[in-house]
Amino acid sequence: DIMRELRPVSSMLAKSVQNVLKQRKRNATEKGLYMGSRLDSSSYYRADGRVFTKRNLPSDNIDMSVAILVDESGSMCGDRIANAQAMALIVYDFCSQLNIPVTIYGHNYGYDGVDLYSFAEFDSIDGNDKYRLMNMNAYNCNRDGCAVRYVAEKLCKRFETMRMFIVVSDGQPSADSYCGTAAEQDLQSIRKEYERKGITFYAAAIGDDKECIRRCYGEKAFLDLTDLKKFPMTIAKLIARNAI
């Protein structure tokens, strides 16, 4: 069972975030108030009457949602797709433990156009998302723009303050009439459009054509993940940092 191997990683990260949130609650006391829920004995000396304290407890809910889009083109075969799948499983389990809404999609370009694969949805109906993630695979070509826009639109409909979109790819878009500079400019335009709508982009480059991905998504969003073995943990830690 692959999840038995990966769950300690996601659980460790989830526990670290929960510990930070608990610490914030312990430290969330406002002092020096004219009125409050309790007297502060350390402030009795004050002549201005500011001797009360009040607990301002942060919410237990993490105000973020996460969307992941994985390139499932043929060049993603072998270790690349295996590590992308491991990353998706860790992220899905991590988000589930912390009640962070998450959706995970895969995409490629076949004979009939762009193929999108829904592995996990924000509002899962049957609870079997983790099993669908096991079907992630490498297929044909990739026409990224359509897939990026589709998932970004889903994320735009979320109400969370932090809406994180992680695109995983190993190289340049490559499909009929969609490649080279034109494809790069299309992705640049899409990224800018949805950043204006409040989406935070990250582009995880796990192949040799990293410079293309850097051009498509910009320096700020670019993640150079050369070491595939560290890739799953790096993405999970990225989400954990943004969660707190």
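**Close-up views of helices α4, α5 and α6**

**View 1. Packing of helix α6 in the predicted model.** The buried residues of α6 pack against α4, β7 (162-169), α5, β10 (199-205) and β11 (222-224), where contact means heavy atoms within 4.5 Å. This is a predicted model, in which local features need pLDDT of at least 70 and side-chain atom pairs count only at pLDDT 80 or more, whereas totals for chains, interfaces and linings use all residues. Residues are numbered from 1 along each chain as its sequence is written, and side-chain values use heavy atoms, with hydrogens and water left out. In α6 (residues 210-217), K210, C212, I213, C216 and Y217 are buried (under 20% relative accessible area, with exposed over 50% and partly exposed in between; 1.4 Å probe, protein chains only). They cover an arc of only 155° around the axis, and therefore lie on the same side of α6. G218, with a positive phi near 90°, follows α6.

**View 2. Cysteines without disulfides.** A search of the whole structure finds zero disulfides, a disulfide being a pair of cysteine sulfur atoms within 2.5 Å. For C216, the nearest cysteine sulfur, that of C212, is 4.0 Å away. C216 has 1% relative accessibility and therefore counts as buried, whereas C156, at 21%, counts as partly exposed.

Definitions and conventions:
Helix = DSSP H or I, 4+ residues; strand = E, 2+ residues; numbered from the N terminus. Arc of directions from axis to C-beta.
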